[in-house]
Every structure is written in C-alpha cells, then in structure tokens.
Amino acid sequence: LHGVDRAALVEAMARRVATGAQPHQLLLQVNVAGEAQKGGCAPGELGELLRRCAAHPRLVVRGLMTMPPLTDDPERSRPLFRALRELRDRHGGREALPELSMGMSDDYAVAIAEGATLVRIGTAIFGTRDN
C-alpha cells in the first residue's frame, strides 16, 4: 500500500490485517514540499509514524514516497527528492527503508538520479488522460 500518512490509518490497517495470512507492505507518504492540498505526513512526523508501524508486526514499512509540486522544470523537484532520500537515510537508510517512490513521467530521470527505486510513468506509457 502506498500513501500511508497518519497514525489513524496505521491503526485501522493494523486492525484489518491482524489475522491475515501475510503481513502488509507499506510505503509511508511524506509531504516534503509542505503542500496543503496533498497528503503525507510532515517530515518531522515521520519518526513517530515509523514507531507506530513498528508496534504492529503485520505492517512492514518498505520505504517512503512523495509527490512534488507539478512543474515544467524537472530540476525544481530535485531538492525535494534529495530531501526524501536524506530523510530515509536519517531513519535507518536503505537497509531499513529500501524503497523510495518518487518521480513521474516528467521528472523520473531526476528522481532516479536522487535515489528513486519506484517511479510512476503512466503518462509516458499511456499518454495524457482525458478528464
């Protein structure tokens, strides 16, 4: 599951998976840019969210994800991707959090250069969506 961003969601998920056959793997969403319209915990809240997840052995945090602001210049996303990687490094590094989900069709190359292990490139494959 991608986008887990608050303690209430962690607790609800823990109740639902308590008796399942396999643990659930999660990516915690961090709102590195601080955009009010986007989900994600604040960078300063990540440690507490990780602690809450660790209290539930059936929830396995695999890494972090972020969604930077849309921009025409992929380089404007670089500091945000770097900030997520540095945040991961402060919370156990690759060994503890092997996945970094960041980058989309327009900025995936910058995201990969900054350490992304997962990118979302649907537009590059399927084209733009009709709204």
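The side chains of E99 and T117 make a polar contact at 2.5 Å; a polar contact is a pair of N or O atoms within 3.5 Å, where within protein one must be able to donate a hydrogen and the other to accept it, and residues adjacent in sequence count only if both atoms are side-chain atoms. The model is predicted, so local features need pLDDT of at least 70 and side-chain atom pairs count only at pLDDT 80 or more, while totals for chains, interfaces and linings use all residues. Residues are numbered from 1 along each chain as its sequence is written, and side-chain values use heavy atoms, with hydrogens and water left out.

E99 belongs to strand β3, residues 99-104; helices (H or I, at least four residues) and strands (E, at least two) are DSSP runs numbered from the N terminus.

| Residue | Contacts |
|---|---|
| E99 | L27, R62, G63, L64, T117, L118 |
| L46 | L28, V30, C41, L64, L87, H91 |
| L80 | V32, A33, P68, P69 |

The largest nonpolar core has 27 residues, of which L28, V30, L46, L59, L64, L84 and M102 touch the most other members. At least two residues of this core come from each of α1 (7-17), β1 (24-29), α2 (46-54), β2 (59-65), α3 (78-90), β3 and α5 (108-113). A nonpolar core is a set of buried Ala, Val, Leu, Ile, Met, Phe, Trp, Tyr and Cys residues joined through side-chain atoms within 4.5 Å.

Helix α3 has 13 residues, which at 1.5 Å a residue should span 18 Å, and its end C-alpha atoms are 18 Å apart, in agreement; the expected span is 1.5 Å times one less than the number of residues. Its buried residues are R78, L80, F81, L84, L87 and R88, and they pack against α2, β2, α4 (93-96), β3 and α5. L80 counts as buried because its relative accessibility is 18%, buried meaning under 20% relative accessible area (1.4 Å probe, protein chains only). Just after α3, G92 has a positive phi of about 110°.

The largest pocket holds about 480 Å³ of space. Its lining has 22 residues, and L70, M104, S105, D106 and T123 are the closest to its centre. Both β3 and α6 (122-126) give two or more residues to the lining; α6 supplies the largest share, three residues. On a 1 Å grid over the protein atoms alone, a pocket is an open set of points where a 1.4 Å probe fits, with protein on both sides within 12 Å along at least five of seven lines, and lining residues have an atom within 4 Å of a point.

Key: Contact = heavy atoms within 4.5 Å. Buried < 20%, exposed > 50% of the residue type's maximum accessible area, 1.4 Å probe, protein only. Points joined across faces, edges and corners; volume = space filled by probe spheres on them. Lists of a residue's contacts leave out its neighbours within four places in sequence.
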